[in-house]
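Hi,

Here is the structure I promised to pass on. Have a look at it first, and then read my notes below.

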Amino acid sequence: MALQIGIGIGMEKNPLAAAQTATRQAISNLKSDKISLAMVFSSIEFASPETLKVIGDLLGPTAPIVGCSSLAVISYQGVYKYGILVALISLPEGAYLNTAASHQVDSKTTLQAGQELGNKLLYGF
């Protein structure tokens, strides 16, 4: 099986409705039941725990989610100053993926936080 990608975009005025739309579109476009990684890109209005919960509830507890917010979302359809894009990736069998996070970075130096993140990402190699 080859790498599969599904992308969805939501631009409703209600951020939670837009997150649902984008996630459902991405799931529909993925053409696979296996979600190896979910990437979320949004304008700053979507940067909330509630938005992440909506996406997580639709994807299920095993899908790792990463992402960021910005002043605009750049997609294959254009540049949007308001919106959310969800990209789902399904890796082929045998491909390795690891996600990690460095917590409480405000109490660490940049070097310490980077080393912690690097060690977590390399775990299992």
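**An aromatic pair, a strand and a pocket**

The count of aromatic pairs comes to one, where rings of Phe, Tyr and Trp (its six-membered ring) pair if their centres lie within 6.5 Å. That pair is F46 with Y82, at 5.2 Å centre to centre and 50 degrees between the planes, which makes it tilted (under 30 degrees counts as stacked, over 60 as edge-to-face, the rest as tilted). F46 sits in the loop between β2 and α2, and Y82 in the loop between β5 (78-80) and β6 (84-90), so the pair ties together parts that are 36 residues apart in sequence. (Helices are DSSP runs of H or I with at least four residues, strands are runs of E with at least two, and both are numbered from the N terminus.)

Before I go on: this is a predicted model, in which local features need pLDDT of at least 70 and side-chain atom pairs count only at pLDDT 80 or more, while totals for chains, interfaces and linings use all residues. Residues are numbered from 1 along each chain as its sequence is written, and side-chain values use heavy atoms, with hydrogens and water left out.

F46 is buried, at 3% relative accessible area, whereas Y82 is partly exposed at 21% (buried is under 20%, exposed over 50%, partly exposed in between, with a 1.4 Å probe and protein chains only). Y82 also has K13 over its face, 5.6 Å from the ring centre; for that, NZ of Lys or CZ of Arg must be within 6 Å of the centre and within 35 degrees of the ring normal.

Next, β6. Seven of its seven residues are buried, so β6 is largely enclosed by the rest of the structure. I84, V86, L88 and S90 cover one side, and L85, A87 and I89 the other. In a regular strand the side chains alternate between the two faces of the sheet. β6 pairs antiparallel with β1 (residues 4-10) over seven bridges, A87 being the partner of I7. β6 also pairs antiparallel with β2, over six bridges, and there L88 partners A38. (Pairing takes at least two DSSP bridges.)

Finally, what lines the largest pocket? Ten nonpolar residues, five polar and no charged (Ala, Val, Leu, Ile, Met, Phe, Trp, Tyr, Cys and Pro are nonpolar, Asp, Glu, Lys and Arg charged, the others, Gly among them, polar). β3 gives the most to this lining, with five residues.

Cheers
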